[in-house]
Amino acid sequence: MDMDGRTLMLFLCGLALASADTYTEQAQRVMQMRRLAVEFIDYYQNLTAVDLIVPGTRLPNKEDLQCMAEMAQLSQGVQSGSIWALRMIDSWGRLPAGLLYGNVKDLGNFDECVRVDHHMESTSLRLRGKYCMAKLFSIDTGAMGKLSVQTAVCFPASCNGEHMERLLRKLFNQLLNIELSPETELINDSNCQTAEREPLDFLAIFTIVIIGVLGAAVLLCTLIDYFLCDDQKQLPSLVKIFSARANSRSLFRIVDGKSNPNVIECLHGIRCLSIIWVIYGHDYSVYFITPNINVIDLIPWFRSSYSMFIMHAQFSVDTFFFLSGFLVAMVALRAMERSRGKLNVPLMYLHRYLRITPVLALAILVYMRFVPLLGSGPLIKIFDRLVAAPCEDNWLWTFLYVQNYSPTATCVPQSWYLGVDMQLYFISPLLLIALYKWGKKAVAGIVLLMLLLASCLFSTMVIMGYASNNDKIYNSTHTRASPWIIGVIFGYYLHVNRGKSFKLNRLSVWLGWLISLGLIFTCMFALYPYAANGKDLATVNDAFYVTFTRIAWPLALVWVVFACKYGYGGLANSFLSSPLWQPLSKLSFCVYIWHLFIVDFNAGIGRTNTYFSDYQVMLRFWHDFGLTLLLAYLMYILVEAPFAALEMLLLPARRPPAPVAPKSTATELHSQNFEIASQSEPKKESD
């Protein structure tokens, strides 16, 4: 999942070149064999300890003897035509059809294998199937290393990885005359699976209890709201906080921006399009790493102009940073104006932390324990390692919001955005106080700060030789600071010019839109067709591209928001300001936190190879997106809305009440600020 588009392009080109002759001899030998399962059973009709253990290394133990007994039982079952034994053999994969087309994995029949459960009368034990993926041989793709051709195998569950490795090595040596290197791993026992589920540990039980308690509270308060409260205005505070009915009403309430000048309606559309772009990009990332029968078709896809739209979906992150900085400035400066420049910084930090942490904390628990518990499949353990394993070591980094500098993989991978945004939010009081006190002079200083950070980004890439997809560049705070700072400056500009109307002539409007669209398309397609052909940019060129696009993209958004707010948006404003975006906009934080759980889980439980095409990815996107919305709504009702209401109820407001603005206005702005600022972006779209 960490393979970016350019790297994958080079890898596929290597595969295409290698497929013609590199593994011809090995492939021909494999093709001359009968089915691997049949060859295996014929060769090991009379299994002995010598087959399982290297002579002279150790004596057979209880596990070795049990494996021998079950293998003998399997051989007898096949010879006698027992249905359970035939199913076990039938579940084995074959040599993948279409090797020259990039199909390098045969997943066999997962369920047929793991559902084998035969009672052995001689030992009163049960013989169960164990599903594994075995390496047949490797394709040398040159500079990009070796690509393994794999097929599914099904062994008795009592046989461990060492047993299976030894048996397959001897078989390949005998049938194919291939002496494999000891460093070559044919079977990874940690990826093997049986029908037996892992027992619930304390953390899993603790997570279930938390979800159960929250669910019971929501259910009870909803029933009280529905049956016992006729007047919603008289609803007790605690009932209103946990009532799914009350929170759903708030979620689906449409706010008319015309009646509230402080609400910028187009932000809802921008936010929703960005989150859709994120999920769509991640579906492509998952498709790249799941078994496809037509991997070779990825080469022309990467050379197409459409691939640029996917590979540069990372700009959706910059959109979130821009909106975050923009709303932080807008909301905070209004509050400071009402409080005569006072800013309660510790309370400001506490509000932010408590606002976004409950949803993230539950996500950490669920990601860590529930992927393997909720489903099974040939690939589930691979995705479990991608999603759950990092949380074992790095959950504390996530709670401290420094996960973007974690030494290893990030827990809840897309949460690196939260770390960057929290760090930028931490320095926001300095910028806000400077803007309030010194105005335009502070703006000049902030612009200088942005240019210094951009120079730091450029220098780091050039001196250290980092590519744009390097985590030390992609996830770094100074890399992402420019869009956020531009958002802060733009928020200050709209704040000092609130209430004013801007009269622009048609030429100025057209020029604004042309420049904005020019910047957007330049950011997305400047590297086409150079990068699309798999060529590496020179380090200096790459540094220029990354540095300038971090500034150009938010500048384009500045015009979009300005034009939509002041009546120059036309069709763009009609689309972005549609009230239909508002419910999804309110759900966007939960959608972002939980979408990778759905995307990875759906990929992990797949039983067959997929066919890659833009249409197939679109189909996957719609069912992933739909299930993500359902899960996000559930988490909004269970966690986000109740804890946000509790936080607002128990903690004092960051700003004193002011008669200048209606309460509904302040509440809406506060909600908008935290919804955007807490949004988390996926792993790089080029993953």
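The legends below describe close-up views of side-chain packing and ring contacts in a predicted model.

**View 1. The nonpolar cores around Phe 326 and Ala 85**
The largest nonpolar core has 150 residues, and Phe 326, Val 561 and Trp 594 touch the most other members. Setting aside residues up to four places away in sequence, Phe 326 touches Ile 264, Leu 267, Gly 487, Val 488, Phe 490, Gly 491, Leu 494 and Val 561. A second core is separate and has 48 residues, including Ala 85, Trp 92, Leu 107 and Leu 171. In soluble globular proteins, nonpolar side chains tend to be buried together.

**View 2. The ring pair of Tyr 306 and Phe 309**
The structure holds 51 aromatic pairs. In the pair formed by Tyr 306 and Phe 309, the ring centres are 6.1 Å apart and the planes stand at 35°, so the pair is tilted. Both residues belong to helix α14 (residues 306–311), where they lie 3 residues apart, about one turn of the helix. Tyr 306 is partly exposed, at 31% relative accessible area. Phe 309 is also partly exposed, at 29%.

**View 3. The ring pair of Trp 622 and Phe 625**
Here the ring centres of Trp 622 and Phe 625 are 6.2 Å apart with planes at 75°, so the pair is edge-to-face. The two residues sit in helix α28 (residues 614–650), 3 residues apart and separated by about one helical turn.

**View 4. The surroundings of Tyr 367**
Tyr 367 is part of helix α16 (residues 345–369) and is buried, with 0% relative accessibility. Apart from neighbours within four places in sequence, Tyr 367 is in contact with Val 387, Ala 388, Val 412, Pro 413, Gln 414, Ile 593, Trp 594, His 595, Leu 596 and Phe 597. The side chains of Tyr 367 and Gln 414 are joined by a polar contact of 3.3 Å. A polar atom of the Tyr 367 side chain also lies 3.1 Å from the backbone nitrogen of Phe 597. Tyr 367 and Phe 597 are 230 residues apart along the chain, yet their C-alpha atoms are separated by 6.9 Å.

**View 5. Charged ends over the rings of Tyr 474 and Tyr 566**
The charged end of Arg 480 sits over the ring of Tyr 474, at 4.4 Å from the ring centre. Arg 480 lies in helix α23 (residues 477–496) and is buried, with a relative accessible area of 0%. With neighbours within four places in sequence left aside, the contacts of Arg 480 are Gln 314, Val 317, Asp 318, Phe 321, Trp 416, Val 420, Leu 424, Tyr 474 and Arg 550. The charged end of Lys 565 sits over the ring of Tyr 566, 5.5 Å from its centre.

How values were computed. Residues numbered from 1 in each chain as written. Predicted model: local features only at pLDDT ≥ 70, side-chain atom pairs only at ≥ 80, totals over all residues. Heavy atoms only, no water. Core = buried A, V, L, I, M, F, W, Y, C linked by side-chain atoms within 4.5 Å. Buried < 20%, exposed > 50% of the residue type's maximum accessible area, 1.4 Å probe, protein only. Contact = heavy atoms within 4.5 Å. Phe/Tyr/Trp six-rings, centres within 6.5 Å; stacked < 30°, edge-to-face > 60°. Helix = DSSP H or I, 4+ residues; strand = E, 2+ residues; numbered from the N terminus. Lys NZ or Arg CZ within 6 Å of the ring centre and 35° of its normal. Polar contact = N/O pair within 3.5 Å; in protein donor to acceptor, adjacent residues only side chain to side chain.
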